[in-house]
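Please open the structure in your viewer and keep the sequence beside it. The stops below say what to select next and what is there.

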Amino acid sequence: MTSLEQDTTTGSWAAFDKTTSRWGPITMIAGMTVMILGPGLLAIRLGVQPGAVIAGVLAIAATFGVVWFVEPLSYFPLLGPASMYQAFMIGNISNKLLPAAIVAQSAVDAKPETKRGQLASVLAICGAATTHLTVLALAVGIFGTLLIDVIPPELVTSVQTYVLPAVMGSVVVQMVWANPQPRIFLIAAVGGAIVVFVLTPLFPIVSYFAVALGVIATIALSLTLPGREKALEEGLATTLE
């Protein structure tokens, strides 16, 4: 690549980052406003007291609040800034958008932390969202009810039982294959096993924040255990490719 091409690429990427930083928050705030406005108007119309709304929000935060911090930390290294805005606006990250991004990065042989990998994830999420809406309109909106009536109930139960483990298992394998980090993978596997099979049975209260504890422990151990310097050098070399 010539110096002129490099300057052009750098300038284009800087413009892309600038646009993302400007319109990403605006879009997220607009989406949040619309999502809150509907229930808010309904609550006012029905005369729901503010105390009941606050109690409901606190109950949801107590149950799912840890996910608000764990998911951004978990997804950002794989998706990048632009895709993060897309993913949290669209939803279904772990079972739809993240697999699409990982497969796209693997298809073009791009590492997640590189510019090429981030661009691949952006385009993959656009494609996944478009495909999802098209299939939703046709398969669910038009043929969904007919299909459910034809499928035996036993088969529906089996699908509901095994589909999530199948999706998550394939995502984990694809993530490891696309961006192999044996040291971090080993730390995450051992740390997760300790949290699930040791700490949770001994202290049941840990189950409420087991995911957060596993993620935090993986990050902390990855930064402190031996081998960090070599991993950083390899990651820097990959980023500069």
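**Stop one: helix 3**

Begin with helix 3, where Ala82, Ser83, Met84, Gln86 and Ala87 are buried, buried meaning under 20% relative accessible area with a 1.4 Å probe and protein chains only. This is a predicted model, in which local features need pLDDT of at least 70 and side-chain atom pairs count only at pLDDT 80 or more, while totals for chains, interfaces and linings use all residues. Residues are numbered from 1 along each chain as its sequence is written, and side-chain values use heavy atoms, with hydrogens and water left out.

Just after helix 3, select Gly91, which takes a positive phi of about 90°.

**Stop two: helix 3 against helix 4**

Now select residues 81-90, which form helix 3, together with residues 93-107, which form helix 4; the two pack at an angle of about 150°, with their axes 10 Å apart. They are therefore roughly antiparallel to each other, a term used for angles over 145 degrees. To see where they touch, show Ala87, Phe88 and Ile90 of helix 3 with Ile93, Lys96 and Leu97 of helix 4, which make the contact, meaning heavy atoms within 4.5 Å. By class, this contact has five nonpolar residues, no polar ones and one charged residue.

**Stop three: Ser222**

Finally, move to Ser222, whose place is in helix 9, residues 210-224. Is Ser222 buried or exposed? Ser222 counts as buried because its relative accessibility is 10%.

Conventions. Axes fitted to C-alpha atoms, helices over the stretch in contact; angles between N-to-C directions. Helix = DSSP H or I, 4+ residues; strand = E, 2+ residues; numbered from the N terminus. Parallel < 35°, antiparallel > 145°, perpendicular 65-115°, else oblique. Nonpolar A, V, L, I, M, F, W, Y, C, P; charged D, E, K, R; others polar. Buried < 20%, exposed > 50% of the residue type's maximum accessible area, 1.4 Å probe, protein only.
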